[in-house]
Every structure is written in structure tokens, then in C-alpha cells.
Amino acid sequence: MSCSPLFADDLPTTSDDDALQTVINSRPDLDPYYVASGCVPDRREFFEKLYECALPYLDTNFVAECKTSFHQRSWEMAVICVLRHFGFNLEPPNLSGGPDATARLEGSSLLHVECVAPTTGSGPDGVPPLRRIGLFPEDQLLLRIAQGFASKRDKFADYLKKASIKSND
């Protein structure tokens with residue numbers, strides 16, 4: 001591998017559910033999915049390959065944020081790798097902030113991509129754990145998805161305000 005690994009933490013390898021849960025419980029500072037993906041060898045290999053593919057297009061705080069927001073940041077890696085696979089000409093990340101990915105299209109047009117992976121939230125609008133028999137929490141799920149889009153809309157407005165992107169991109 002030609003880059004620093006994504007899972008630089010000293011996470012042990014395991015294939016046992018109880019041992020994995022012990023490791024997850026011992027690392028409350030890390031996203032449980034980050035821990036699980038770093039401890040299970042085939043998951044670790046998969047995400048390390050994604051990371052190597054996406055690395056030239058990731059911002060400098062990616063690894064730190066991946067440790068606490070694994071779904072959001074791993075989705076960003078996956079989207080970048082798919083764009084590369086289909087031949088999009090990706091721009092390096094904007095170090096002063098900007099979209100998750102930017103591709104130069106034919107001519108001078110730019111395609112800006114913001115990746116959305118809403119969290120479960122908390123409180124009455126949060127999505128309850130799906131460990132029980134009952135109704136599917138459709139309202140809470142829709143609220144979380146709507147919040148994800150609203151947050152990206154606000155980011156887009158901020159990018160325009162900071163001139164990280166142009167209104168005609």
C-alpha cells in the first residue's frame with residue numbers, strides 16, 4: 001500500500017462477535033462501525049482499498065472524521081471511487097473547504113458532489129434501534145433524510161457565499 005492506512009489505530013483482528021463487541025465497548029471515542037471495519041479482516045481490506053483509491057481527492061481532516069463519522073466518510077470514499085471508475089476528471093480537494101468531490105466536465109463546467117449519509121439522530125425525531133418487533137419508524141427515517149438534504153443545502157449556500165463554488169458550476 002502506498003499511503004498511510006485508514007485504520008491506523010491499534011485495532012485487533014477478530015472473527016468472533018463477542019470479542020468484537022468487547023473491542024467496540026472499549027473504544028467509545030470511535031464510531032462502532034469504524035472499529036468493526038478495522039477489526040474484521042475482509043472489511044478492513046475492502047475499506048483500505050477504497051481509501052487508497054479516493055485518497056488524492058479527500059480533504060486533510062478525512063481520517064480524523066472517519067473515526068467518528070464512519071458511514072458519512074466511507075460513503076464519500078465510495079462515491080469518489082465510483083466517479084473515478086467511470087472516468088470523471090476529479091479535481092484535488094479545496095483546502096479551504098468545499099464540496100466532497102468536484103469533477104471537471106467537458107469545457108469549463110464543474111460538477112460538484114456532496115455525499116449524504118444521514119445519522120440516526122436522537123430524541124423524539126431520532127430513529128429508534130431496530131432491535132424490537134413493532135412498526136417501522138418511517139416518520140423518523142423520513143425526518144433524518146430530510147435533515148440530511150437540508151444540511152447539504154445549507155452547505156451549498158455556504159460554499160457559494162465563500163466562493164468555493166460558482167453559481168453556474
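Aspartate 31 sits in the loop between α1 (17–26) and α2 (32–39). Helices (H or I, at least four residues) and strands (E, at least two) are DSSP runs, numbered from the N terminus. This is a predicted model: local features need pLDDT of at least 70, side-chain atom pairs count only at pLDDT 80 or more, and totals for chains, interfaces and linings use all residues. Residues are numbered from 1 along each chain as its sequence is written, and side-chain values use heavy atoms, without hydrogens and water.

Aspartate 31 is buried but has no salt bridge. Buried means under 20% relative accessible area (1.4 Å probe, protein chains only). A salt bridge needs a side-chain nitrogen of Lys or Arg within 4 Å of a carboxyl oxygen of Asp or Glu.

The tyrosine 33 approach lies at the start of α2 and uses a side-chain oxygen of aspartate 31. Beyond neighbours within four places in sequence, aspartate 31 contacts Lys67, Thr68, Ser69, Phe70 and His71. Contact means heavy atoms within 4.5 Å.

α2 itself is mostly covered, with six of its eight residues buried. They are Tyr34, Val35, Ala36, Ser37, Gly38 and Cys39. Their cover includes α1, α3 (41–54), α4 (62–66) and α5 (70–85).

The sheet is open, with three strands in the order β1-β2-β3 and antiparallel pairing. Its edge strands, β1 (89–90) and β3 (110–113), each pair on one side only. Strands pair if DSSP finds at least two bridges between them. Two bridges join β1 to β2 (residues 101–104). Leucine 90 has alanine 103 of β2 as its bridge partner.

Conventions
Buried < 20%, exposed > 50% of the residue type's maximum accessible area, 1.4 Å probe, protein only. Lys, Arg positive; Asp, Glu negative; His and termini not counted. Polar contact = N/O pair within 3.5 Å; in protein donor to acceptor, adjacent residues only side chain to side chain.
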